Amino acid sequence: MKVALYSRCSTKDKGQDVENQQRQLRDFAKKQGWKIVHEYSDYKSGKTSDRTQFQRMLIAASKREFDVLLFWSLDRLSREGALETLQHLQRLTAYGVAYRSFTEPYLDSLGAFRDGVISILACLARQERIRLSERTIAGLEKARAQGRVGGRPRVECDRGKVLRLHAAGKSLAAIARELGISKTSAHRIVRRS
């Protein structure tokens, strides 16, 4: 079986290194009889998927360049939250690529617990979405109670001047430029008159 290794640590400059992860992953892959075809390592926070090697790994997975992705632990793969992490694992599965966590034997899509783990992660992701929605609503309610209004600030302009300039034959773009408003705002005023 062809395997790709993924390791990550948050930073290079604080004495952190992926070498320990890589060594353990190589040893494990060798004991399994797997052939290592790719090794990916990032020195960046796992809070976003905007990591060069992580993206390269996903592209290679989409091309089925390996059969299994082996990572040291789930938090080394992603710290984006349950929903995003679940989506990464589902993406690998959709590509036909299995995954395995070295330190978390239950997180193994080749093993017997695969469906159970995915179900638990899906429940956590759903709860995370609900919590995020609740926090957003609470934040909006707090802002309204403090008298703040959401959205973009209203554009102040002289409607009569817009209509006079349009009646004089000026284009919407010329009116917008002259009055310092968007072409869309000028169009809206003309359309509603």
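**Entry 1: the model.** I am working with a predicted model, so I read everything here as computed from the coordinates.

**Entry 2: aromatic rings.** I began with the rings and found 3 aromatic pairs in the structure. I looked at F28 and W34: their ring centres sit 6.0 Å apart with the planes at 75°, so I noted the pair as edge-to-face. F28 and W34 are both buried. Next I took F28 with F102, where the centres are 5.6 Å apart and the planes again stand at 75°, so this pair is edge-to-face too. I liked this one, as it joins distant parts of the chain: F28 belongs to helix α1 (residues 19-32), while F102 lies in the loop between β4 (98-101) and α5 (114-145), 74 residues apart. Through these ring pairs, F28, W34 and F102 form a cluster.

F102 comes out at 26%, which is why I put it down as partly exposed.

**Entry 3: S78.** I then went to the loop between α3 (74-77) and α4 (82-94), where S78 lies. Its relative accessibility is 5%, so S78 counts as buried. Which side chains does the side chain of S78 meet in polar contacts? I found E80 at 3.2 Å and T85 at 3.1 Å. Setting aside neighbours within four places in sequence, I listed G46, R51, T85 and H88 as the contacts of S78.

**Entry 4: α6 and α7.** At the N-terminal end of helix α6 (residues 159-167) I found a cap: a side-chain oxygen of D158 lies 3.0 Å from the backbone nitrogen of G160. After α6 comes G169, with a positive phi near 100°. Helix α7 (residues 172-179) has L172, A174, I175 and A176 buried. What covers these buried residues of α7? I noted that α6 and α8 are among the elements that do. Following α7 is G180, where phi is again positive, near 70°.

**Entry 5: V190.** V190 has a relative accessible area of 17%, so I marked it as buried. Beyond the neighbours within four places in sequence, V190 is in contact with V162, L163, H166 and L172. For a sense of span, I also checked V190 against H38: they are 152 residues apart in sequence and 61 Å apart in space, C-alpha to C-alpha.

**Entry 6: the largest pocket.** How much space lies in the largest pocket? I read about 350 Å³. Its lining consists of R152, P153, R154, V155, E156, C157, R159, S182, S185, R188, I189 and R192. Sorted by class, I have 4 nonpolar, 2 polar and 6 charged residues in that lining. Helix α8 (residues 183-192) gives the most to the lining, with 4 residues.

Technical notes. Residues numbered from 1 in each chain as written. Predicted model: local features only at pLDDT ≥ 70, side-chain atom pairs only at ≥ 80, totals over all residues. Heavy atoms only, no water. Helix = DSSP H or I, 4+ residues; strand = E, 2+ residues; numbered from the N terminus. Buried < 20%, exposed > 50% of the residue type's maximum accessible area, 1.4 Å probe, protein only. Polar contact = N/O pair within 3.5 Å; in protein donor to acceptor, adjacent residues only side chain to side chain. Contact = heavy atoms within 4.5 Å. 1 Å grid on protein atoms, 1.4 Å probe; cavity = no way out; pocket = protein on both sides within 12 Å on 5 of 7 lines; lining within 4 Å. Points joined across faces, edges and corners; volume = space filled by probe spheres on them. Nonpolar A, V, L, I, M, F, W, Y, C, P; charged D, E, K, R; others polar. Phe/Tyr/Trp six-rings, centres within 6.5 Å; stacked < 30°, edge-to-face > 60°.
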